[in-house]
Amino acid sequence: MASMAVQLLGFFLGLLGFVGTLVATLLPHWRTTAYIGSNIITATGYMKGLWMECVWHSTGIYQCELYRSLLSLPQDLQAARALMVLSCITSILASLVSVMGMKCTRFARDSLIKFPLVLSGAICFVCAGLLCLVTVSWTTNDVIMDFYDLFLPSGMKYEIGLAVYLGYASACLSLTGGLVLCWSSCSERSRTPLHMQRNQPLSHPPAFNQLYPPAPLYKPPEALKDNHASSFCSHSNSGYMLNNYV
C-alpha cells in the first residue's frame with residue numbers, strides 16, 4: 001500500500017510538471033521589457049515568447065503576432081522550440097507508460113512487466129525535466145548576457161519573464177516525480193524476490209522409497225503350490241508310520 005502511494009505521488013508530480021511545461025511553452029512571457037534608463041516611464045511593454053511577440057499597452061490591451069517564418073528566427077529560439085516540444089512529448093509518453101505500470105491499474109496485474117514499465121516512465125519524466133531545464137537555463141543565460149552588454153541599447157534589453165520561472169518549477173516537478181517513481185520501482189523490485197520466496201510453501205526433499213520404490217514380493221503361482229517335491233522329513237515321517245503298521 002505504501003509503494004502504491006509513493007507511485008501515485010511521483011506520477012502526479014510528473015503530471016504537474018508536464019502541465020507546467022506545456023503552459024510555459026505556449027506563454028509569450030519568456031522575455032519582457034527591461035524598464036531601465038529612458039524606459040522607466042513608458043506606456044507600452046514588449047514580450048517575446050517561443051511562438052509569438054506581444055505588445056502590452058497601459059490601457060490593458062494586448063496585441064500579439066505569431067512568428068510567420070521559421071527559418072528567419074534566431075537559432076537559439078529554434079532550438080528552444082524544439083527542446084520544449086520534445087519535453088512535452090516525452091512527458092506524454094512518460095505519463096502513458098507510468099499509468100500502465102502502476103500497481104493501481106489493471107494492466108498486466110501481478111506481472112513482472114509492471115516494474116520495467118514504471119521504471120521507463122520514471123526515466124522519461126527525468127528526461128523531460130532535463131530538457132525543460134536546459135531550455136530555460138539557456139534562455140536565462142542569453143537574457144543576462146544581453147542585459148549586461150554595454151554596446152546594446154537600453155530599448156533592446158529584456159528581463160527574464162514569468163514563463164521562464166514557470167519552466168524552472170515545471171522542470172523541478174518533473175525531475176522529482178521521475179526520481180520518486182524510479183525509487184519506488186527499484187525498491188519494489190528488490191523486495192519482490194524475497195517476498196515470493198517467503199510465500200512459497202516449504203517442500204521437503206522426497207524420501208528414498210518415493211524415488212526408488214521397492215520391488216514387489218514374489219508370489220508363486222497357485223498351480224505350483226501342490227506340485228512341490230516332498231522334503232526329506234516328510235519321507236522319513238511317512239516311512240516311520242508305515243513300519244509301525246507292517
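Predicted model: local features only at pLDDT ≥ 70, side-chain atom pairs only at ≥ 80, totals over all residues.
View 1. The protein chain has 246 residues, and 33% of them count as buried. Read from the N terminus, the order of elements is α-β-β-β-β-α-α-β-α-α-α. The accessible surface amounts to about 16600 Å², and carbon and sulfur atoms account for 69% of that area. When contacts between residues at least 6 apart in sequence are considered, 66% of them join residues at least 24 apart.

**View 2. The packing of helix α2 against helix α3.** Helix α2 covers residues 75-101, and helix α3 covers residues 114-147. Two packed helices are described by the angle between their axes and by the distance between those axes. For α2 and α3, the axes come within 8 Å and cross at roughly 160°. An angle over 145 degrees counts as roughly antiparallel, and α2 and α3 are therefore roughly antiparallel to each other. The crossing of α2 past α3 is left-handed. Sorted by class, the residues in the contact of α2 with α3 are 20 nonpolar, nine polar and three charged.

**View 3. Threonine 21 in helix α1.** Helix α1 spans residues 2-26, and threonine 21 is part of this helix. The relative accessible area of threonine 21 is 1%. Buried means under 20% relative accessible area, so threonine 21 is classed as buried. Leaving aside residues up to four places away in sequence, threonine 21 touches Met84, Ser87, Cys88, Cys132 and Ser170. Of these partners, Met84, Ser87 and Cys88 have numbers within the range of helix α2, residues 75-101. Cys132 has a number within the range of helix α3, residues 114-147.

**View 4. Threonine 139 in helix α3.** Which residues does threonine 139 touch, not counting residues up to four places away in sequence? The partners are Trp30, Arg31 and Val164. Arginine 31 lies 108 residues from threonine 139 along the chain, and the C-alpha atoms of the two residues are separated by 8.8 Å. Threonine 139 has a relative accessible area of 8% and is therefore buried, given that buried means under 20%.

Methods. Residues numbered from 1 in each chain as written. Heavy atoms only, no water. Axes fitted to C-alpha atoms, helices over the stretch in contact; angles between N-to-C directions. Helix = DSSP H or I, 4+ residues; strand = E, 2+ residues; numbered from the N terminus. Parallel < 35°, antiparallel > 145°, perpendicular 65-115°, else oblique. Left-handed = near helix turned anticlockwise from the far one by under 90°. Nonpolar A, V, L, I, M, F, W, Y, C, P; charged D, E, K, R; others polar. Buried < 20%, exposed > 50% of the residue type's maximum accessible area, 1.4 Å probe, protein only. Contact = heavy atoms within 4.5 Å. Areas by Shrake-Rupley, 256 points an atom, 1.4 Å probe, with all protein chains shown as cover.
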